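Please keep the sequence and the coordinates at hand while reading.

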Amino acid sequence: MRKIFYLIPIGIITLILLVQSGHQEQADVPKKLSKQERIAGAIEDMVFTSSDVDLGYIPYAKWYQAVEEGKARIAKSKATNNRSGAGLANAKWRERGPNNIGGRTRAIMIDAADPNRNRIWIGSVSGGLWRTEDITQNDPQWEKLALDINNMAIGSIAQDPNNHQVIYVGTGEGFNNIDAVTGTGIFKSTDDGVTWEWLPSTQNSSFQDVQEIYVHTNGDVYACTSLGGIRRSKDEGETWEKVLGTSLSGASSNHFYDFTFNEVNQTFYASNANSIFKSLNGDRGDWYN
């Protein structure tokens, strides 16, 4: 009997140790993250590693200066190599892929300069601006444009109806998706996409995300933003005024998505998350929902 009394506490202690060991093993197993959590973590890591250590965010103004400096050095290097007959100034490069990976395409524009309407521009999220000369081909060839906005999230593309050489590109995703890529204003080209200018008037938080750009036949440029409402420029992007948003025409938000003009009834239309507004002249305070 005495042996039984000795064995009972030993068995209890052993059982406790086994249970504790099982809990410890479960604690050591890392939690399996959902796809949404993995995407959020990747974005957080990208922003952290790309941000200025003192500012805590990505300083796009400095980034753009660095891009310009890089282009200047490349041009200088090419000039030096051409004089010396050395280097890779005349090298030809061919993309080798991968070309089977899709991504979000936020903007598509049919080029009005092409009478056949086969010339297409697209804007990719974190993939920059692309163009094909003939979309009807079985294997359309795409050209990547603008080193300046090479890794930007392109949210909108618009062409001046009076001068097809003038192209406006809005950056940023303002759709509240978890993997949204922030933009940095509007870029403009006056030579059919060969060179680009980052419009100084849009280098502020009001133009952080630009979901839509519309160029009217009278030359006015409209921009739907996520933070600054709808902005209008009457001087080709030099200056802007807010024409619709909070405190204007009863709008409860500055976040607008779409903008268009109906030539039949000569009416402007704009939309946000819960309303559609219209105006006969697009002026400040002349919108109704």
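How many bridges join S13 to S14, and do these strands run parallel or antiparallel? In this predicted model, S13 is joined to S14 by six bridges, and the two strands run antiparallel. Within this pairing, Phe259 stands opposite Ala270 in S14.

Strand S14 (residues 267–272) is also joined to S15, here by four bridges and again in antiparallel fashion, and a hairpin of three residues leads from S14 to S15. Ser271 has Ile276 in S15 as its bridge partner. The two pairings can be set side by side as follows.

| Strand pair | Bridges | Direction |
|---|---|---|
| S13 and S14 | six | antiparallel |
| S14 and S15 | four | antiparallel |

Together the three strands form an open sheet in the order S13-S14-S15, with antiparallel pairing. Because strand S13 (256–262) and S15 stand at the edges and each has a single partner strand, one side of each is left without a neighbour in the sheet. Neighbouring strands of this sheet are turned against each other by 20 degrees on average, direction ignored.

In a regular strand, side chains alternate between the two faces of the sheet. Strand S15 (residues 276–279) has a covered face made up of Phe277 and Ser279, whereas Ile276 and Lys278 belong to its uncovered face.

Elsewhere, Ser206 lies in the loop between strand S8 (197–198) and strand S9 (210–215). Ser206 has a relative accessible area of 18% and is therefore buried, the cut-off being under 20%. Leaving aside residues up to four places away in sequence, Ser206 touches Thr225, Leu227, Gly228 and Arg231.

Methods. Residues numbered from 1 in each chain as written. Predicted model: local features only at pLDDT ≥ 70, side-chain atom pairs only at ≥ 80, totals over all residues. Heavy atoms only, no water. Buried < 20%, exposed > 50% of the residue type's maximum accessible area, 1.4 Å probe, protein only. Contact = heavy atoms within 4.5 Å. Pairing = 2+ DSSP bridges. Axes fitted to C-alpha atoms, helices over the stretch in contact; angles between N-to-C directions.
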